[in-house]
Amino acid sequence: MFSIFRRYRELLVVSALIALPLLLFLAGTKEAGERGVVDKAVITVFSPIQKAVTWTVHGAQDIWFGYLYLVGVREENKELRAEILQLRSLALQADEVMLENERLRELVDFKERLGLETVPAGIIAIGAVPAFSRSIRVGKGVGDGISLGDPVITPKGVVGRVVAAGPGWADVMLLSDPNSAVPVVSSRTRTRATVRGTGDMTTAVLDHAARTDDLSEGDLLVTSGTGGIFPRGLPVAEVQEIRRRPHGMFQRGEVSPLVDLTRLEEVLVLVDYREDQEDMPPVVKEGS
Amino acid sequence: MIKRVSILGILALTLTAVETALLSALGLGGGFYLSLGVLLVAAARAGDIEGAVVAAIIGYGWDLFSGLPVGMSVAPAVAILVVVRVLSQGVEIAGFLQLFILGALCAVLHGACCLGMIVVSGSAVDLSKWYSLGAIVRQGIMAALVAPPVFALGEWLDKMLVKERGELEVWLS
């Protein structure tokens, strides 16, 4: 008997390992989920492995999805910040366009009121140090009818005159340039004088006013029309201070240009003015 | 004496435990028969009895960790081992392609056996969702993919820790 087992032991063991479980299963001795002592012991031994795997996978998932979430939030944050900047920029542009619109409307009104041929021009360059710059460059030139000596004005008053011009540009010597001298009259007393630049953008000097003439602080000075550069009646400056000396022919004073020369953006260039200046009436009602 | 059975059995149970935990944690639908590679190691390196015992442990593990009635996968696992050993007369159990094909074949055989047993027993357990034809094919592909690396791991362990072939046979004789 034992020798038969030894002879066919492989066959018997393998057959038993197939047949016994099969019979047990077919006999239905155990339902799914029903566990014996050995089953429970095996599960108990291996459950820590399962817990470790589950913990590791969930941990990795938490890290991965947390990272993705944070990346998503960061991206969204960046996009929102960019959007805010864009909207702010648009708002500023809108404000800027509105202000420009106002300025241009004022310029157009002034141009119509002026009744002279003018070329509107934008400032394309100023001196590197604005506080000391004495000239500006506008974006219109000889191709637009601008020529040397043309007066440059804004609705507020005289800016300067063209001292150089090219095809698409023109340099304007400002009122504040020491070489600039504009013949003026007091709109109140018709006293003649000259406003001369000092290099300072906010202050000019009053020169060549007879010592006995009536000039006082607050007087509005307008172009006299003499000198052949500026038409009559353009506002130039306001008297700030008068210094009368006890001797000499002239009194001197300080005036402030009516145009803020440091904040120019658009100007009007009076073209072809000098040719017909003899017939021109005062361009701005004096005292207005 | 029963070192090989212990090593391969523990490895198979561990892999099955890991597999079921992964399936649960990752929310995967079907298994990938991680421990089939161990069955192939048993078929390739163990003696008949050792291999059959290892196969029975593997089948037991499948049942135990899958919530199946214990015994349902034991007979199919041992039968699969026998089939593989018969095939090994003509095909060497080594190399990626052979292991790939054998892995797929074993998974499909196991699925087919389980379906057959359900039919024969009229089991009240609803296994149709696990052992539908599509699921069997899908699991076959997965098993084919994981069989070569698991076989390599099992073979390495077996070579490291078990010096001789057929220890259990020697002990029984």
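Visitor: How many helices and how many strands are there in chain B?
Guide: This is a predicted model, in which local features need pLDDT of at least 70, side-chain atom pairs count only at pLDDT 80 or more, and totals for chains, interfaces and linings use all residues, while side-chain values use heavy atoms, with hydrogens and water left out. Residues are numbered from 1 along each chain as its sequence is written, and chains are lettered from A and ligands numbered from 1 in the order in which they are written. Helices (H or I, at least four residues) and strands (E, at least two) are DSSP runs, numbered from the N terminus. From the N terminus on, chain B reads α-α-α-α-α-α-α, and the counts are seven helices and zero strands.

Visitor: Which percentage of the residues in chain B is buried?
Guide: Buried means under 20% relative accessible area, exposed over 50%, and partly exposed in between (1.4 Å probe, protein chains only). Chain B has 173 residues, and the buried part of them amounts to 55%.

Visitor: What share of the contacts in chain B with a separation of 6 or more comes from residues 24 or more positions apart?
Guide: A contact means heavy atoms within 4.5 Å. With a separation of 6 or more required, residues 24 or more positions apart account in chain B for 74%.

Visitor: How many helices and strands does chain A have, and what percentage of chain A is buried?
Guide: Chain A has three helices and twelve strands. Of the 288 residues in chain A, the buried ones make up 33%.

Visitor: What distance separates the C-alpha atoms of A:Pro151 and A:Phe230?
Guide: Along the chain, A:Pro151 and A:Phe230 are 79 residues apart.

Visitor: Where is A:Arg190 found, and what is its phi near?
Guide: Most residues other than glycine have a negative phi. A:Arg190 is found in the loop between strand E6 (181–186) and strand E7 (192–197) of chain A, and A:Arg190 is partly exposed because its relative accessible area is 39%. Its phi is positive, near 65°.

Visitor: In which strand does A:His208 lie, and what is its phi?
Guide: A:His208 lies in strand E8, residues 204–210 of chain A. With a relative accessible area of 39%, A:His208 is partly exposed. Although A:His208 is not a glycine, its phi is positive, at about 55°.
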